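Let's take a look at how two chains sit against each other. Have the sequence and the 3D view open as you read.

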Amino acid sequence: MKIAIGGKGGSGKTTIAGTLARVLAARGLPVVALDDDSNPNLALTVGVPAGRAAGLPALPRDLLEERQDAQGQTSLELKIPTDDFIDRYGVPAADNLTLLVMGQPSHGGSG
Amino acid sequence: MRGVLHGLVAETSRIAIVDLEAGLEHLSRGTARHVDTLLVVGEPYFKSLETAHRSFTLARELGIKQTRMVANKVRTSRDEETVREFANRHALDLLSVVPYDTAVTEADERGTALFEHQPDAPSVAAIRRLADRLVEAAP
């Protein structure tokens, strides 16, 4: 299950996202909550105190490798398994729930 | 760099819940490719519902598999009627109605998670039912 939650600022989207993540995790389901907002505040609603949510550490280059697809487009991909990456760079928020903050301003191409 | 992180959503074995940038104009094909459901949160007044409606159109253009609406901060039965009527008229799939709840503001003011502040709050109960429906609908 891969769910994205959007809406205008002030609509309460972050409260719904964070609480939904907590509800599912409390049922014993493993959940990763990803904050893609450039003004990240999902941390609080999943239960991570502000001080511990300073952001995702910079990705070490040696974890990434450049790959080329059939159309000649290059993309950066992780060299380690995704779930290992989440364990290593995520912030534990509650039982079964890890937070990843990805909303730092992106440089150059995004998406 | 963000491409890598969006790829995480697709590749993780876990359930992924992504809190998007505010304002759906930032919605990208990158995000669209990797999620199976987009929830659009709207409030029960015309401008907010119109914005939600536009988000549905944009999501369709981007090829998001499924878009569903969540009405939030619904105070009265009249609010709820407004939302249901709007959703029906525009064929927007209304997944859940979450009531206006003072527990949300209280949790904010205390800097705690709503889920910890008042686990039995009406808004949390509504989000539990929302979770039930998502789990039922999951492939």
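## Helix H1 of chain A

A residue counts as buried if 20 or more other C-beta atoms lie within 10 Å of its own, as exposed if 12 or fewer do, and as partly exposed in between, with C-beta atoms placed from the backbone. By that rule, 13 of the 14 residues of H1(A) are buried. Helices (H or I, at least four residues) and strands (E, at least two) are DSSP runs, numbered from the N terminus.

This is a predicted model, where local features need pLDDT of at least 70 and side-chain atom pairs count only at pLDDT 80 or more, while totals for chains, interfaces and linings use all residues. Residues are numbered from 1 along each chain as its sequence is written, and chains are lettered from A and ligands numbered from 1 in the order in which they are written.

## Where the chains touch

The contact (C-beta atoms, placed from the backbone, within 7 Å) takes 53 residues from chain A and 57 residues from chain B. On the chain A side, H1(A) gives the most, with 12 residues.

The chains share strand pairing too (pairing needs at least two bridges found by DSSP): E1(A) runs parallel to strand E2 (residues 37–42) of chain B over 5 bridges. Gly6(A) has Val40(B) as its bridge partner there.

## A hairpin in chain A

Strands E5 (residues 91–94) and E6 (residues 97–101) of chain A pair in the antiparallel sense over 3 bridges. Ala94(A) is bridged to Leu97(A). Of the 2 residues between these strands, Asn96(A) takes a positive phi near 70°.

How values were computed:
Two residues are in contact if their C-beta atoms, placed from the backbone, lie within 7 Å.
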